[in-house]
Amino acid sequence: MAHAQAYGSAHQRRRDELLPKALNTPCPRCDRLMLRGQELDLGHSEDLALNPGAKGDRIEHSVCNRSAGGQLGRERQQMRPSRAW
């Protein structure tokens, strides 16, 4: 639950609002069912590379959400200019 504490109360309220409807439905990233007791996050359907201010708008498996975030971070890092002169 430490990960959830990194987000504000509005994020947590939105997750709590969407969670009941998401249970027993397919994860939008991996298509496996999201079940009670699994770690589930509030994720983004919008590409954060194109819209960094996008708000979380759907429930996803935590591993799927965090993997997508890691991929985005790697892509952003690769796009940065090198500091070597």
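1. Basis. The model is predicted, so local features need pLDDT of at least 70 and side-chain atom pairs count only at pLDDT 80 or more, while totals for chains, interfaces and linings use all residues. Residues are numbered from 1 along each chain as its sequence is written, and side-chain values use heavy atoms, with hydrogens and water left out.

2. Fold. The protein chain has three helices and four strands, in the order α-α-β-β-β-β-α from the N terminus. These elements are DSSP runs numbered from the N terminus: helices are H or I with at least four residues, strands are E with at least two.

3. Burial and surface. Of the 85 residues of the protein chain, 27% are buried. Buried stands for under 20% relative accessible area, exposed for over 50%, and partly exposed for values in between (1.4 Å probe, protein chains only). The accessible surface of the chain is about 6500 Å², and carbon and sulfur atoms hold 52% of that area. Areas come from the Shrake-Rupley method with a 1.4 Å probe; for residues, only the protein chains shown count as cover.

4. Contacts. Contact here means heavy atoms within 4.5 Å. Among contacts in the protein chain with a separation of 6 or more, 43% are between residues 24 or more positions apart.

5. Arg-15. This residue is part of helix α2 (residues 9-22) and is buried at 16% relative accessible area. With neighbours within four places in sequence set aside, the contacts of Arg-15 are Leu-40, Asp-41, Leu-42 and Ile-59.

6. Salt bridges, overall. The whole structure contains five salt bridges. The criterion is a side-chain nitrogen of Lys or Arg within 4 Å of a carboxyl oxygen of Asp or Glu. Side chains of opposite charge can pair when their charged atoms come close.

7. Glu-17 and Arg-14. These side chains form a salt bridge with an N to O distance of 2.7 Å. The two residues are about one helical turn apart, because they are three residues apart in helix α2. Glu-17 is partly exposed at 45% relative accessible area, and Arg-14 is partly exposed at 31%.

8. Arg-29 and Glu-60. The closest N and O atoms of this salt bridge are 3.0 Å apart. It links distant parts of the chain, 31 residues apart: Arg-29 is in the loop between β1 (25-26) and β2 (33-34), and Glu-60 is in strand β4 (residues 58-61). Arg-29 is partly exposed, with 39% relative accessible area, whereas Glu-60 is buried at 0%.

9. Asp-41 and Arg-66. A salt bridge joins these side chains at 2.9 Å, N to O. Asp-41 is in strand β3 (residues 40-43) and Arg-66 in helix α3 (residues 62-79), so the pair ties together parts that are 25 residues apart in sequence. Asp-41 is buried at 8% relative accessible area; Arg-66 is partly exposed at 36%.

10. Negative patch. Glu-46, Asp-47, Asp-57 and Glu-75 make up a patch of negative charge on the surface. Patch residues have over 30% relative accessible area and no salt bridge; like charges are joined within 9 Å, and nonpolar side chains (Val, Leu, Ile, Met, Phe, Trp, Tyr) within 5 Å. Lys and Arg count as positive and Asp and Glu as negative, with His and the chain ends not counted. Each charge is placed at NZ of Lys, CZ of Arg, CG of Asp or CD of Glu. Glu-46 is in the loop between β3 and β4 and is partly exposed at 43% relative accessibility.

11. Lys-21. This helix α2 residue is exposed, at 66% relative accessible area.

12. Positive phi. Most residues other than glycine have a negative phi. Asn-24, which is not a glycine, has a positive phi of about 65°. Asn-24 is in the loop between α2 and β1 and is exposed at 56% relative accessible area. Asp-31 also has a positive phi, near 70°. Asp-31 is in the loop between β1 and β2, and its relative accessible area of 60% makes it exposed.
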